[in-house]
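Thanks for asking me to look this one over. My notes are below, to be read with the coordinates open beside you.

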Amino acid sequence: MAFYVVQFLTGLASAASLFLVASGLSIIFGVTRIVNFAHGAFYMIGAYIAFTLTERLSGAFGFWGSIVLAALAVALIGVIVEMVLLRRIYHAPELFQLLATFGLTLMVEDLVVLIWGPDDLVGRRAPGFKGAIDFFGQNIPSYDLFLIVLGPVVLGILWLLFQRTRWGVLVRAATQDRDMVAALGVNQKWLFTSVFAVGVFLAALGGALQIPRDAVHHAMDLRIIVEVFVVVVIGGLGSIVGAFVAAVLVSELNAFGILIFPKISIILVFLVMAVVLIVRPWGLFGKPEAAARKTPGLTVNPWRPLTSNERLASLAALVIAATLPLFAGNYALTVGSEIAIFVIFAVSLHFLMSVGGLASFGHAAYFGLGAYGIAFLAKMAGLPMIVCLLLGPLLGCLGAAVFGFFAVQLSGVYFAMLTLAFAQIVWSIAFQWVSVTGGDNGILGLWPSSWAASPSHFYWLALGVAALVTVALRAMVFSPFGYALRATRDSLLRSEAIGIDAKRIQWTAFVIAGTTAGIGGALFAYLKGSVFPDNLGISLSVDALVMVLLGGVETVSGAVIGAIVYKALNIWLVSQTDLSKLVLGGFIMLIVVVFPKGIVGMLEMLAQRRRKSSPPGSPLLAKPIESAE
Amino acid sequence: MSAIPPLLAVEGLTKSYGGIHAVRGVSFSLRAGEILALIGPNGAGKSTCFDMLNGQNKPDSGHVRLLGEEITGRKPREVWRLGVGRTFQITATFATMTVRENVQVALISHEKQLYNLWGSAPKFDRGEAGRLLELVGMGGYADRPCGELAYGDLKRLELAVALANQPKLLLMDEPTAGMAPRERVDLMRLTASIAREKSIGVLFTEHDMDVVFEHADRIIVLNRGTLIAEGSPAEVRGNPQVQAVYLGEGLVYDARHREGTSA
């Protein structure tokens with residue numbers, strides 16, 4: 001019995017940090033409508049700075065002072081980020097905001113390693129809370145008790161801040177209707193900045209307070225952000241009480257999940273999240289999301305099928321690509337195969353994202369499931385390659401059918417967070433369920449049959465499949481189903497009013513995209529000869545998003561070009577520098593802020609400008625918040 | 001009882017939000033080919049009433065029957081399949097698609113081709129889509145992106161979309177709001193002629209009394225959630241209760257309203 005009580009108290013202590021970070025995210029989202037992906041990064045910097053300060057400053061005062069000082073320093077960094085980056089993208093679509101803050105996260109990951117090194121850092125114990133308390137033979141660290149008390153105290157302080165101060169009233173008003181608040185003469189710029197600073201302060205405080213419990217390391221940002229996304233999905237974005245209740249719930253589920261499913265404890269959290277989403281799609285304490293903000297002028301050029309000239313040009317490009325083995329060496333062919341596979345991956349996400357308006361942040365899950373499908377079939381069932389290639393992607397299809405069903409119940413940022421959480425769950429299963437997946441060691445020795453074994457043959461196979469998939473998905477864009485999918489993206493209300501079951505259409509699109517990604521993953525498994533959990537990791541999901549974004553979200557052909565350019569750049573970059581995340585993160589932010597229409601979008605805009613001299617829509621992302629003036 | 005049930009029969013429709021009775025025991029019916037106006041001051045419950053007819057909103061009690069078939073509480077998409085088209089007070093169209101594509105989506109849905117993955121949508125019922133657009137006077141706009149249209153044109157496009165499934169009943173929530181006076185008359189004249197020709201029943205709400213009295217065959221008046229009058233335009237115009245609760249204020253409001261929107 002005592003054991004369970006201790007387990008319960010440990011869960012409560014873990015909830016404190018989770019609550020701090022989640023409430024910060026919620027407050028920022030409530031006012032600015034930005035889901036700050038970089039929140040995990042701020043949490044991590046908080047921990048690192050606090051580590052450095054506590055090493056320098058001695059004594060109890062030094063320790064606690066360091067914690068607060070670290071959080072303040074990170075809040076200051078937050079202010080700079082808000083003024084330099086976020087002010088430029090408040091009017092951008094949600095996807096761009098998520099991506100820009102993700103780019104920031106990538107940069108921070110490399111910077112942290114650069115400054116503090118790659119090793120785990122173990123910090124000081126908290127003065128006054130070094131011991132443990134004996135509870136019927138079980139030890140409870142007294143620092144845990146401190147954290148258990150801290151959570152409700154912070155909740156109370158936040159409550160007072162929002163109910164009793166002028167600033168709190170403004171924040172609550174802005175959460176309901178920020179345009180109205182601006183119209184009433186409130187300086188919106190500084191309101192946004194201060195809200196962001198408070199949110200970041202909470203995240204950094206959460207990180208700093210973790211030092212006595214956990215080692216500080218450079219991957220803690222992604223781990224916390226996924227948990228925080230789960231917390232806000234369960235609790236409801238924008239609700240602080242919801243963040244508290246859900247943080248406690250998730251932490252307890254984690255604490256007890258280990259006892260029930262020791263290998264895959266995350267399953268329990270997933271099941272609870274699924275139930276909450278079915279019963280209350282906007283979280284326990286959340287409110288239904290207002291209709292997604294329409295970004296004016298985002299897609300003004302209606303899509304059209306290729307003209308016969310353009311078809312000929314595409315065919316010619318394909319033929320030229322097919323001649324590569326005649327003059328290129330084996331390395332170039334392997335790179336070519338990889339690019340072709342990523343074209344498949346990118347067009348599958350593009351279909352979901354641009355045609356369906358559903359920006360998945362966890363698309364790699366289905367790519368990776370396809371790869372694992374191959375591994376299971378080839379290694380365990382011993383099936384020949386051709387059978388594996390046909391059946392392997394079905395695992396991606398299955399995953400997309402299960403997760404997609406829940407994901408399409410939501411839209412916008414909720415959809416993005418949910419798909420990310422699902423992908424992370426699949427990753428955890430692949431990582432933790434060692435007996436089946438081999439865990440971190442992966443599954444090795446997947447070699448293609450002899451007919452596809454030579455680099456040139458494999459290249460032709462990958463190229464052929466990529467061409468087939470691209471043509472098929474393009475045909476679908478201009479099929480009756482494609483029209484219906486675009487209709488659900490543009491107006492749910494109108495779709496339902498003309499007999500379209502929008503959720504089912506979107507679910508179908510999700511399954512199509514997931515299966516296609518699975519095809520890419522299946523080929524990837526054979527290309528690499530192995531499968532690892534990284535094949536379904538977050539960074540691969542983001543790669544896909546960047547490829548689509550780079551090509552141009554609003555275009556039909558962008559994904560292909562985006563994939564080719566991005567993958568080629570990426571392979572080159574990794575060979576040139578150790579700081580690829582830093583460069584990549586900066587690159588992502590640059591595209592979002594300066595180059596939002598992507599390569600194909602830019603080309604189309606230039607072509608249009610040449611056709612008629614009328615200026616196309618003003619660059620919509622370069623505008624700062626005018627309503628603040 | 002006659003052998004043929006009325007096109008639309010509404011019986012004791014009731015809806016409350018918390019303690020507020022938005023709609024209380026509303027009953028009326030509508031024949032095929034008849035144009036029925038639902039009027040009432042702001043907050044009378046017109047929109048709530050409307051939303052309950054096509055399943056956008058669920059009534060607490062009461063019945064909605066279409067040709068005798070119970071449709072109360074059905075989903076909007078199911079009600080549409082039974083032949084009820086609808087336009088919205090604030091237009092809802094597919095902004096990134098062209099005008100023709102907007103109509104084509106409705107036709108695709110009507111012909112149950114929504115899950116057709118391989119057909120060519122640009123060629124799908126192109127002629128029929130063009131004909132519907134001609135019918136509402138939008139033939140020249142077929143290839144324009146829908147997002148570029150003026151508000152009045154969007155209203156006409158919504159009418160074309162609503163006609164795509166050859167409806168038996170059209171529900172039009174403030175069909176002429178936001179249009180110039182000339183356009184209002186044109187649109188309602190068009191609607192009336194289509195309705196009479198194809199024997200479609202039309203139920204519409206409207207603030208512009210000129211439009212209402214010129215085009216409605218019959219008028220029902222809603223005030224604070226209950227029906228207070230029903231009859232021909234002449235009867236309703238002469239009803240003292242209507243004058244007291246509605247027309248007195250309504251005309252003043254309406255004059256301001258029109259000034260605001262046509263500016």
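1. A word on the overall scores. Please keep in mind that this is a predicted model. For the complex, the predictor reports an ipTM of 0.87, together with a pTM of 0.85.

2. Confidence in chain A. The average pLDDT of chain A is 86, and 94% of the residues score at least 70. Within this chain, α24(A) has the highest mean, 96, while helix α28 (residues 598–611) has the lowest, 76.

3. Where pLDDT is low, the predicted coordinates should not be read in detail.

4. Confidence in chain B. Here the mean pLDDT is 85, and 92% of the residues of chain B reach 70 or more. The pLDDT is below 50 over residues 250–263 of chain B, a stretch with 11 contacts in the model beyond near neighbours in sequence.

5. The contact between the chains. Chain B contributes 33 residues to the contact and chain A contributes 27. On the chain A side, α21 (455–477), α22 (480–490), α23 (492–497) and α24 (502–528) each supply at least two residues. Which helix gives the largest share of the side of chain A that touches chain B? That is α22(A), with 8 residues. Sorted by class, this side of chain A has 16 nonpolar, 6 polar and 5 charged residues.

6. The four-stranded sheet of chain B. This open sheet runs in the order β2-β1-β4-β5, with antiparallel pairing. Its edge strands, β2 (20–30) and β5 (69–70) of chain B, each pair on one side only. Strands β1 (residues 8–17) and β4 (residues 61–66) of chain B are joined by 5 bridges in the antiparallel sense, and B:Thr14 has B:Ser61 in β4(B) as its bridge partner.

7. A hairpin in chain B. Strands β9 (residues 218–223) and β10 (residues 226–231) of chain B pair in the antiparallel sense, again over 5 bridges. B:Ile219 stands opposite B:Gly231 in β10(B). The hairpin has 2 residues between its strands, and B:Arg224 in the turn takes a positive phi of about 45 degrees.

Note on methods: Residues numbered from 1 in each chain as written. Chains lettered and ligands numbered in written order. Predicted model: local features only at pLDDT ≥ 70, side-chain atom pairs only at ≥ 80, totals over all residues. Contact = placed C-beta atoms within 7 Å. Nonpolar A, V, L, I, M, F, W, Y, C, P; charged D, E, K, R; others polar. pLDDT = per-residue confidence, 0-100. Pairing = 2+ DSSP bridges.
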